[in-house]
Amino acid sequence: MNGDNGIQVYPTTTWSAGAGCHGACGQKLYVKDGKLIKVEGDENASWNQGRACPRVLAMTQYVYHPDRLTQPLKRVGNRGEGKFEPISWDEAFDTCEAKLKDIREKHGAESVVFAQGTGRDVGGPISFLCYNYGSPNWVQLGLSGQSCYTPRLGAMKATIGDFCVLDASQFSEKRYEDPEWEVPKVIIVWGQNPPPTCPDGFFGHWIVDCMQRGSKIISVDPRHTWMSSRAEYHLQIRPGTDGALALGMLNVIINEKLYDKEFVEKWCYGFDELAERVQQYPVDKVSKITWIPEELIIEAARLYATAKPAAIQWGVPICMNPEGTTVAQAITQLWSITGNIDVPGGNVIARPSHGVTTYPYSTEELVGLYGQELVDKLNKVRIGCNDYPMVKGFRGWAQPDMVIDQINNGKPYPIKGAWIQTANILGGQAARARLHYEALKKLDFVVVVDLFHNPTSMALADIVLPAATFAEKESFRSWWVPLGVMQKTVQVGDCKSDWEINIEMANRLNPNCKYKNPRELINDRLSVANVTFDDVVKNGSQMMPPEGDPSRPYRRHEKGLLRADGKPGFTTETGKVELYCKAYESWGVDPLPFFREPAQGPVSTPELFEKYPLIMITGARSHLFFHSEHRGIPWLREKNPEPYVEVHPETAKEFGVYDGEWIHLENDMGKVKRKVRISLRVHPKMVHTLHSWWKPELKGSEPDLFGVWDYQINQIVPGPQDSDSGFGGGQYKTTLCRLAKIND
Ligand SMILES: Nc1nc2c(c(=O)[nH]1)N[C@H]1C(S)=C(S)[C@@H](COP(=O)(O)OP(=O)(O)OC[C@H]3O[C@@H](n4cnc5c(=O)[nH]c(N)nc54)[C@H](O)[C@@H]3O)O[C@H]1N2
Ligand SMILES: Nc1nc2c(c(=O)[nH]1)N[C@H]1C(S)=C(S)[C@@H](COP(=O)(O)OP(=O)(O)OC[C@H]3O[C@@H](n4cnc5c(=O)[nH]c(N)nc54)[C@H](O)[C@@H]3O)O[C@H]1N2
Ligand SMILES: [Mo]
């Protein structure tokens, strides 16, 4: 689009660097003389309807930040000394090629791990490089229990055969005006804070749009939030006990016969077994476990079960429960037995828009991209597959806690290298941050691909490659709807996109690599939708599946639109929603939901609770930051200059701390600095603190590493607890701690 004064306006999709974010916002980029001058929400994008978040509005400060990495770098001093020299892309690629080939020849491709962070635009490029190199070890390194979304995805896939999401009319271009859509009468917002987080293929403000159209809210959150303050019921839960709550609500709904009998009879498998199991979770017992008053559990269960349609929108704390897969299973059963699945305004089945795969969310997609033979071969050596059949049977990640142990002990085979892309392992992703630091320092070769230096690149990198923001690259996205593309609008320094970097590397490491450049790959992947990259750009950079398209929701199980064989039903073994999960059974995981106490807490470790009497919740998100990102962006940092801890006034009194005081949060693992914010948001027995803090303005070289050892909370967050599935249970929301004075 050409505007006045030589300004060009490009509508694009914002996934990844800049905003951070899982989202598919349509934004308009204003470019003048080759420079980005402003960003505004695109009113034509049905996803966000013109809205923009603070991180997008600060995009010009991000893109042209003086700290941006703009050239490839090689380390010249010792690891951690902070001495790097600029090199050409040729030299950078040559070095990476030589080192990675050397490791592959001497130790096998499995000796290099390919580590990413959360679901930004990296899963596609990094898994592509990993498999072209021949390594099975694609991993979210440090994310204990793989406890972000994967446990929920695994549970949905195993029990329903598909992924579900709250229906806020996002599948229709007409949105709230679409006559087929219905407003959910009740929404349970469960361990999520959607307005600032917009996670997992969901735009947070949709819930507010639903509330404006009449949706009532039930909030399940240990803290008081914007959502809970506007809720009919706020269930102020003890962290890590969501499984018990879900089972207690199922108990009420089943025993009071509030479930949808017709749906259960026709479409659910194993109802009797579930009904028997929930008898172990009567409301009085559940109330004691969760700290939620009995009558609130009963009333909330009744409200949800008798409203139709009703929906549940859940967040990452579900995954961070012990055995996240069983907690997620119990919650899916709430929407299943009430007949709120696959109906307008309920939890509907979501598949990648237009059938386009950007990044494998399931084993089927993985096999579709790389073939059964390669996947089988890699599963034999993938870390975690032999111990956890669910890790083997779902999706294709290595198990993160086992990866770091293997880096430490070299068994059953040594790990020699790491390709770290879009992950700040030491700055925020890894629980047990120190352990990761010590272990990763021992590797022979480490590449970090990022936009800025951070504690991870400073401490570990041999080669640093400068990546592009969403404004500087061509890419694509199909995480549910819409099908979106990112178009390149500006160039900064010598930065390249993750796809460019990884396809170049893949060609060097695999002579049979299928694509020579990102355009080839993107157009090939888009071909299932009969469109090209240019077609989507011409359409405003986003496309919705047309009306009548089989990828659009509502009652697809009845119409035979879900299963490959075209028969009605769900894509499970029994063709039904499996309340008694056959896949879990085959993986040696309890086929019915159960509750397990968090590894630390008043019940599991009373002695420790006496010493450290506060349950620490970390990392409720802020709209200003994306994990460890944006601490150097002036407009954003100015709004939240220091990492704080929310402390209830009674607790502050007990520990003798005052508002604004710098203190230590401590436990047996160590101590971390925080500024006290006295707040009624938290329960007296809990504190909440921001995660992923470091300060880019401090010295980067060792031992400072941008202040990471002063501020990074994950130094005192423990690692995994026993898990049957291998998924879930990172203790990011359930660590015990106490407040301690800093004695200057
Ligand atoms: N205490 C605590 N810790 C947590 C959590 C918590 O709740 N509490 N949450 C956990 C969860 S759920 C997750 S998913 C992890 C997330 O952990 P990470 O995804 O590792 O998050 P970041 O720390 O932001 O690190 C991402 C890095 O990638 C860079 N980057 C951003 N976009 C791009 C891009 O497009 N290309 C490239 N090459 N680089 C890019 C950023 O500059 C940054 O350095 O953190 C976990 N850590
Ligand atoms: N702006 C911004 N957006 C983000 C991110 C970011 O860093 N910044 N990170 C992205 C990532 S990777 C993720 S995983 C998502 C996470 O985003 P969400 O899924 O929304 O999760 P959180 O913000 O961690 O927590 C949501 C709420 O859960 C509550 N909570 C804490 N512990 C428990 C518990 O045990 N049970 C229950 N029921 N509630 C609990 C917290 O108090 C908080 O209000 O956000 C994504 N979006
Ligand atoms: Mo996450």
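At what angle do the axes of helix 9 and helix 13 cross? In this predicted model, the answer is roughly 65 degrees, and the two axes come within 9 Å of each other. That angle makes helix 9 (residues 242–255) roughly perpendicular to helix 13, because angles of 65 to 115 degrees count as roughly perpendicular. The crossing of the pair is right-handed. From helix 9, Leu245, Met249, Val252 and Ile253 take part, and they meet Ile297, Ile298, Ala300, Ala301, Tyr304 and Ala305 of helix 13. Sorted by class, this contact has 10 nonpolar residues, with no polar and no charged ones.

Pro482 sits in the loop between strand 18 (475–477) and strand 19 (483–486). These bonds are worth a second look because most peptide bonds are trans. The backbone at Arg432 deserves a glance as well: this residue is not a glycine, yet its phi is positive, at about 50 degrees. Arg432 belongs to the loop between helix 20 (425–429) and helix 21 (433–440). In general, most residues other than glycine have a negative phi.

Two further helix pairs can be followed in the same way. Helix 5 (residues 150–159) packs on helix 15 (residues 324–337) at an angle of about 55 degrees, and their axes are 8 Å apart. Helix 5 is therefore oblique to helix 15. This crossing is right-handed. Helix 5 contributes Pro151, Arg152, Ala155, Met156 and Thr159 to the contact, while helix 15 supplies Gly324, Thr325, Ala328, Gln329, Thr332 and Trp335.

Helix 4 (residues 123–133) and helix 23 (residues 498–509) cross at roughly 5 degrees, and their axes come within 9 Å. These two helices are therefore roughly parallel to each other. On the helix 4 side, the contact involves Gly124, Pro125, Ile126, Phe128, Leu129, Asn132 and Tyr133; their partners in helix 23 are Asp498, Trp499, Asn502, Ile503, Met505, Ala506 and Leu509. By class, 10 of the residues in this contact are nonpolar, 3 are polar and 1 is charged.

Ligand 1 is surrounded by 34 residues, of which Ser16, Gly428, Asp450, Ser628 and Asn714 are the closest. For Gly428, a backbone N or O atom lies 2.7 Å from a nitrogen atom of ligand 1. Side chains take part too: an N or O atom in the side chain of Thr422 is 3.1 Å from a nitrogen atom of this ligand, and a polar side-chain atom of Asn454 lies 2.9 Å from an oxygen atom of ligand 1.

Around ligand 2 there are 33 residues, and Thr197, Asp221, Asp242, Phe625 and His627 come nearest. The backbone of Asn193 places an N or O atom 2.9 Å from an oxygen atom of ligand 2. At Val220, a backbone N or O atom lies 3.2 Å from a nitrogen atom of ligand 2. Arg55 contributes through its side chain, where an N or O atom is 3.2 Å from a nitrogen atom of ligand 2.

How values were computed
Residues numbered from 1 in each chain as written. Chains lettered and ligands numbered in written order. Predicted model: local features only at pLDDT ≥ 70, side-chain atom pairs only at ≥ 80, totals over all residues. Heavy atoms only, no water. Axes fitted to C-alpha atoms, helices over the stretch in contact; angles between N-to-C directions. Helix = DSSP H or I, 4+ residues; strand = E, 2+ residues; numbered from the N terminus. Parallel < 35°, antiparallel > 145°, perpendicular 65-115°, else oblique. Left-handed = near helix turned anticlockwise from the far one by under 90°. Contact = heavy atoms within 4.5 Å. Near = heavy atom within 4 Å. Polar contact = N/O pair within 3.5 Å; in protein donor to acceptor, adjacent residues only side chain to side chain. Nonpolar A, V, L, I, M, F, W, Y, C, P; charged D, E, K, R; others polar.
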